[in-house]
Amino acid sequence: MKVLEEAAARGIAYLEGLETRSVAPAPAAVAALESLDRPLPEASLPAGEVLAELDRIGSPATVATAGRRFFGFVIGGSLPAALGANWLAGAWDQNSGLWVASPIASQLEIVALRWLRELLGVDASWGGAFVTGATMANFTALAAGRHAVLANAGWDVERDGLYGAPEITVVVGGEAHPTLTKSLGLLGLGRDRLVKIPVDREGQARADAVPEIEGPALVCLQSGNVNTGGFDPLRAIAEQVRGPATWIHVDAAFGFWAVASPARRELLDGIELCDSICTDAHTWLHVPYDSGIALVRDPEALKRAMSFSAAYLPGSVRREPSDYTPELSRRGRGIEVWAALRSLGREGLAALVERCCRHARRFADGLGAAGYEILNDVRLNQVLVSFGSPEQTREAIRLIQEDGTCWCGGTEWQGRTAMRISVCSWATTDEDVERSLEAMLAAGRAAAGD
């Protein structure tokens, strides 16, 4: 087991070294990856030597997403408790698809789902599933919705498929995330046959522009626009469209975690009127990849959409995790979610969310005071900033990434070229924000030729 001790030591050394390295990997480190591209070795190699090679070549070529100054893609590093649980669960090597294969993984899923329901404020009848990420959480929840609306119309889609089925109207906000669209395509509902609700200047679906809906329908809303952090008005829209023929789904990949903050949970007002919610526990709960969560009002609809039977699989009176997910064999994602929630508690999670929102506000204020245009209403953790012309903004982004103090990405939003700052690391400090802000301002000046 010496190799495992070595692996832990190397992982710890990597994390401790993030503070003193560039957030983006050096070009030489990326170029060194070519040395890995060689024929399959003929001879065996001791595990310790494999780890040493992986660490020597791989660690310098990582992007420091686990660090304190990565502000791209709504990615935050893992909490110590969650990462430790991940390491322990890896040693357990459990298949969490069946209770009999892993009572501990199954039980922690039950507990973690209950804690999530309590956090959200929905009743105990809600169920859910742990999947790979927000894309599959959307897919899983919408599969339950597809089952429910077609069953209401007298059609068994799992048995008979979509050929000849009643048509499902799919309504989405005009700035729905592409992964939602991908999920609809995977479900056979099409990526382009969508009815889109017009949005306001924050990318939020307009309640006054929701179309009339007849027959089976999936209405897909958003909590946490990936550019602006905007939230669709859930209550206003849900009250218009609710009914037995309609399933209301909310893509809350990162916006879900606003419920933890007493000052922010009003952003999700009306969530209890919806039928399913997707989120990603890697974003603001800070568990290791991959960890999507689908929550549904009607767990029986989810079970009908996902379960199957096989003669070699034992029956059980307990909740079988594989009855609610696309996978049978899978790792114990609920273990890490449980560990993160157990570590933070309600107060710790609320403080984490508020801290990130405060940091975002500081970025917006500092950049705005320097004369740069803030394009969104900073209500959450997302900041969109223009450094002038599209060319100047793109150059500022390039210089920031090249500098390595922090990392931010670019976006095109409602006809504007912008830099997007996503503040979602549990570890980011006030000092990190000030240091990163200084680097951003320097890049902005350089991009303008000052």
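Author: A salt bridge is a side-chain nitrogen of Lys or Arg within 4 Å of a carboxyl oxygen of Asp or Glu. The model discussed here is predicted.

Reader: Which residues are linked in a network of salt bridges?

Author: Side chains of opposite charge can pair when their charged atoms come close. In this predicted model, a search of the whole structure finds 34 salt bridges. Some join into a network, and its members are E19, R68, R69, D432 and R435.

Reader: How many residues apart are R235 and E239 in helix α9?

Author: The side chains of R235 and E239 form a salt bridge, with N to O at 3.9 Å. Both residues belong to helix α9, residues 234-241, and about one helical turn separates them because their spacing is four residues.

Reader: Is E239 buried or exposed?

Author: Exposed means over 50% relative accessible area. E239 has 54% relative accessibility, so E239 counts as exposed.

Reader: Which strands hold R416 and E373?

Author: R416 and E373 form a salt bridge whose closest N and O atoms are 2.9 Å apart. The pair links distant parts of the chain, 43 residues apart: R416 lies in strand β11 (residues 416-422), and E373 lies in strand β8 (residues 373-374).

Reader: Which helix holds both E395 and R398?

Author: The side chains of E395 and R398 meet in a salt bridge, N to O, at 2.8 Å. E395 is partly exposed at 27%, and R398 is partly exposed at 39%. The two residues are three apart, about one turn, in helix α12 (residues 390-403).

Reader: Which element gives the largest share of the lining of the largest pocket?

Author: The largest pocket holds about 1,100 Å³ of space. Its lining has 41 residues, with G11, Y14, L15, L83 and W87 nearest the centre. Elements giving two or more residues to this lining are α1 (2-16), α3 (47-58) and α4 (80-92). The largest share, eight residues, comes from α1.

Reader: How many charged residues are in the lining of the second largest pocket?

Author: About 330 Å³ of space lies in the second largest pocket. Of its 17 lining residues, F73, A134, H177, A253 and D280 lie nearest the centre. By class, eight lining residues are nonpolar, seven are polar, and the number of charged residues is two.

Methods. Residues numbered from 1 in each chain as written. Predicted model: local features only at pLDDT ≥ 70, side-chain atom pairs only at ≥ 80, totals over all residues. Heavy atoms only, no water. Buried < 20%, exposed > 50% of the residue type's maximum accessible area, 1.4 Å probe, protein only. 1 Å grid on protein atoms, 1.4 Å probe; cavity = no way out; pocket = protein on both sides within 12 Å on 5 of 7 lines; lining within 4 Å. Points joined across faces, edges and corners; volume = space filled by probe spheres on them. Nonpolar A, V, L, I, M, F, W, Y, C, P; charged D, E, K, R; others polar.
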